[in-house]
Amino acid sequence: MVEEFTRITIDTEPQLRSTLRLSLDPDPSHRERILLRGGRAIGWIEDALAPLRERRSAADVHRLALAIRSAVGIEALVWLTDVAGLSREATAGIICWSARAGLRSALADGFPAAPERAESGR
């Protein structure tokens, strides 16, 4: 799932960069005028992790999906290419490795702790 998600992210990078730029605008009225994607990737990751629901709670699977999502997507691509200076091919490899590492860590060492929400809900 992460490999395909990363391919799509690279293929739609200009559009995703625009969405990211607009989502970071401090003026909330600008965010209201755009349709942000709404976190669909979390559901896709949860679907890919569905076999874990036989042994773990839905809350555990959701937290793991959040942890994996934090390492994949346009935000990771921008940092790895623009800041770290990696090629898109190298970036895709690191993103996939990070997702697998998160999964392996959860299985071996335990799932992420329940997160506390920021006051703003973000």
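Predicted model: local features only at pLDDT ≥ 70, side-chain atom pairs only at ≥ 80, totals over all residues.
Residues are numbered from 1 along each chain as its sequence is written, and side-chain values use heavy atoms, with hydrogens and water left out. Local features need pLDDT of at least 70 and side-chain atom pairs count only at pLDDT 80 or more, whereas totals for chains, interfaces and linings use all residues.

The protein chain contains 7 helices and 0 strands, in the order α-α-α-α-α-α-α along the sequence. Helices (H or I, at least four residues) and strands (E, at least two) are DSSP runs, numbered from the N terminus. Of the 122 residues, 30% count as buried; buried denotes under 20% relative accessible area, exposed over 50%, and partly exposed in between (1.4 Å probe, protein chains only). Among contacts (heavy atoms within 4.5 Å) with a separation of 6 or more, 62% join residues 24 or more positions apart.

The largest nonpolar core comprises 19 residues, and V2, L49, L64, I68 and V72 have the most contacts inside it. A nonpolar core is a set of buried Ala, Val, Leu, Ile, Met, Phe, Trp, Tyr and Cys residues joined through side-chain atoms within 4.5 Å. Two or more residues of this core come from each of α1, α4, α5 (58–69), α6 and α7. Another core, of 5 residues, lies apart from the largest one and includes L16, L20, L77 and V78. Beyond its neighbours up to four places away in sequence, V2 touches I68, V72, I95, C96 and A99.

Helix α6 (residues 74–83) has I74, A76, L77, V78, L80 and T81 as its buried residues, and these pack against α1, α2 and α7. After α6 comes G85, with a positive phi near 75°. In helix α2 (residues 13–23) is E13, a charged residue that counts as buried at 8% relative accessibility. When neighbours within four places in sequence are left aside, E13 is in contact with I74, L77 and R88.

A search of the whole structure finds 1 aromatic pair. The pair is formed by F5 and W44 and is edge-to-face, at 6.1 Å centre to centre with 70° between the planes. It links distant parts of the chain, with F5 in helix α1 (residues 2–11) and W44 in helix α4 (residues 40–48), 39 residues apart. Under the criterion applied, rings of Phe, Tyr and Trp (its six-membered ring) pair if their centres lie within 6.5 Å; planes under 30 degrees apart count as stacked, over 60 as edge-to-face and the rest as tilted. F5 is buried, with a relative accessible area of 12%, while W44 is partly exposed at 40%.

The second largest pocket holds about 240 Å³ of space. Of the 13 residues that line this pocket, M1, V2, A48, A99 and L103 are the closest to its centre. At least two lining residues are supplied by each of α1, α4 and α7 (88–109), and α7 gives the most, with 4 residues. By class, the lining has 11 nonpolar, no polar and 2 charged residues. Pockets were located on a 1 Å grid over the protein atoms alone, as open sets of points where a 1.4 Å probe fits, with protein on both sides within 12 Å along at least five of seven lines; lining residues have an atom within 4 Å of a point. Grid points are joined across faces, edges and corners, and a volume is the space filled by probe spheres set on the points. Ala, Val, Leu, Ile, Met, Phe, Trp, Tyr, Cys and Pro count as nonpolar, Asp, Glu, Lys and Arg as charged, and the others, Gly among them, as polar.
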